[in-house]
Amino acid sequence: MSPVAEDLRQLGHLLATDTLAVIAAIALMSWLLRRREGVLAWLCCAGIAWCVFNLAGLTGIGARLPDLPASRIALLYPVLFTTLGLAASLVGASLPRGLVVATALACLGLGVAAIPFHGWELTRIAGLASIGVSLLMLGFFATRAETQIGAAERLALAALNALGLGALGVDLYAGTIWPGKSVQFSPYVGVIVLGFSGFVIMRHILANAEARERLNQALGQRIETTKANLLASESARHALEIAHAVKLERERLMREIHDGIGSSLVAALASAERQGKESTTAVVALKGALTDLRVAVDSLEPVEGNVATLLASLRYRYEPELRKSGIAVKWMVEDVPELDWLDAPSALHVLRILQESVSNTMGHSRGTQLTFQCKMALLQGRPGLRIEIADNGSGFDMDAPAIGRGRRNMMQRAEALGARLEVLSKRGEGTATILWLPLVRKQGLILEEGQAAER
């Protein structure tokens with residue numbers, strides 16, 4: 001071989017060795033950062049073994065260290081062991097620990113034995129046989145492989161490792177025939193084998209990292225969903241507790257009003273009625289107060305947003321008095337939807353507005369019929385309920401100045417409800433009180449309960 005060709009061979013050999021050293025260094029640093037990735041440790045050991053094996057084949061180093069090239073066959077066994085270990089770790093082959101230990105001890109023994117007997121033909125034959133056994137073990141690993149990597153990558157790894165082991169055999173055989181003169185393939189094939197193995201390892205690690213990240217995101221979303229469900233459950237439980245407490249307090253107030261103020265009014269009314277005609281004014285006042293109290297108690301009853309129930313309770317309270325006054329009741333209440341926003345304070349506002357209308361009919365209209373009407377109606381495109389209480393009495397002049405605060409209080413209560421109230425009357429044609437309640441109440445139209453109460 002010419003000096004130029006020999007220099008080029010040595011240069012390529014050295015570049016391949018340096019590349020293997022870089023791969024081993026990168027694998028070592030990566031393994032120090034990710035200790036649980038054992039395949040990185042195998043890659044580092046394989047890179048070191050291949051690098052030392054290639055250094056032993058360099059002519060310059062062999063000149064300075066006479067025993068190293070001669071003992072190069074001893075370095076074959078660490079290369080075989082680390083290469084097979086890397087291949088098994090990459091394909092996920094499940095190997096008994098005893099087999100790994102036995103293989104390591106066999107490689108160590110053969111390598112140590114090859115140093116003093118490197119000149120024997122039997123030593124070279126043992127090296128070639130070890131390469132053949134390694135090829136068989138590589139096939140065994142492929143059959144026991146798990147699904148850590150894809151089928152294409154597993155096939156490529158098996159082919160490249162087989163190529164690398166074959167290159168070792170060719171170089172070993174050629175070195176015995178043309179020592180120092182033959183072109184060595186193992187350094188370059190080693191770079192290909194370990195380089196591709198490193199690529200597969202890094203791709204596998206990155207794929208695992210992405211899978212963990214997706215899993216963490218899914219777990220995070222599941223945790224957020226669970227937290228939201230827990231918060232919703234807690235809010236629902238808190239709402240149930242509040243509703244239960246409100247129910248108990250409502251029942252207590254109704255009981256106290258009935259047994260306390262109600263009983264006192266009933267006793268006072270009975271006493272006033274026993275005193276005869278001189279107490280007529282007191283009797284009327286007491287009856288009115290008792291009716292007002294009963295209406296207030298009715299507003300505390302849970303009506304679940306049912307306006308028809310409210311109207312029925314008002315009719316129940318006033319119909320006996322209306323009949324005594326010679327006023328018949330005409331009932332025209334349709335089946336209307338419930339109002340979700342109609343709570344106890346709002347129900348009291350509705351009852352007070354309608355109660356004022358009924359009281360005015362009884363006291364001033366001199367009519368003979370009072371009509372209760374309720375149905376669905378639109379107001380400026382908004383759906384709602386139209387409640388109308390109308391009598392056929394004498395009516396009054398709408399342009400005349402209002403006497404008292406009755407109509408003003410009705411308007412203020414309607415404003416507190418976010419409703420629309422109209423009082424229509426004409427002399428000789430009766431009076432109609434029309435209250436429109438929205439199905440969905442606008443937030444901006446709702447006044448605070450305290451403000452409404454002050455009015």
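The model is predicted, so local features need pLDDT of at least 70 and side-chain atom pairs pLDDT 80 or more, while totals for chains, interfaces and linings use all residues. Residues are numbered from 1 along each chain as its sequence is written, and side-chain values use heavy atoms, with hydrogens and water left out.

User: How many disulfides does the structure hold?

Analyst: A disulfide is a pair of cysteine sulfur atoms within 2.5 Å. For C44, the closest cysteine sulfur sits in C45, 5.4 Å away, which is too far for a bond. The number of disulfides in the structure is 0.

User: Is L354 buried or exposed?

Analyst: L354 belongs to helix α12, residues 344-365 (helices are DSSP runs of H or I, at least four residues, numbered from the N terminus). L354 touches L311, L314, I387 and I389, leaving out residues up to four places away in sequence (contact means heavy atoms within 4.5 Å). Buried means under 20% relative accessible area, exposed over 50% and partly exposed in between, with a 1.4 Å probe and protein chains only. L354 has 1% relative accessibility, so the word for L354 is buried.

User: Which side chain makes a polar contact with the side chain of S346?

Analyst: S346 is in helix α12 and is buried at 5% relative accessible area. A polar contact is a pair of N or O atoms within 3.5 Å; within protein, one must be able to donate a hydrogen and the other to accept it, and residues adjacent in sequence count only if both atoms are side-chain atoms. At 2.8 Å, the partner of S346 is the side chain of D343.

User: Which residues are linked with R237 in a network of salt bridges?

Analyst: A salt bridge is a side-chain nitrogen of Lys or Arg within 4 Å of a carboxyl oxygen of Asp or Glu. R237 and E241 meet in one, at 2.2 Å from N to O, and both lie in helix α9 (residues 186-274), 4 residues apart, about one turn of the helix. The residues linked with R237 in the network are E234 and E241.

User: Which residue forms a salt bridge with E319?

Analyst: E319 is buried, with a relative accessible area of 15%. The closest N and O atoms are 3.0 Å apart, and the partner of E319 is R323.

Key
Helix = DSSP H or I, 4+ residues; strand = E, 2+ residues; numbered from the N terminus.
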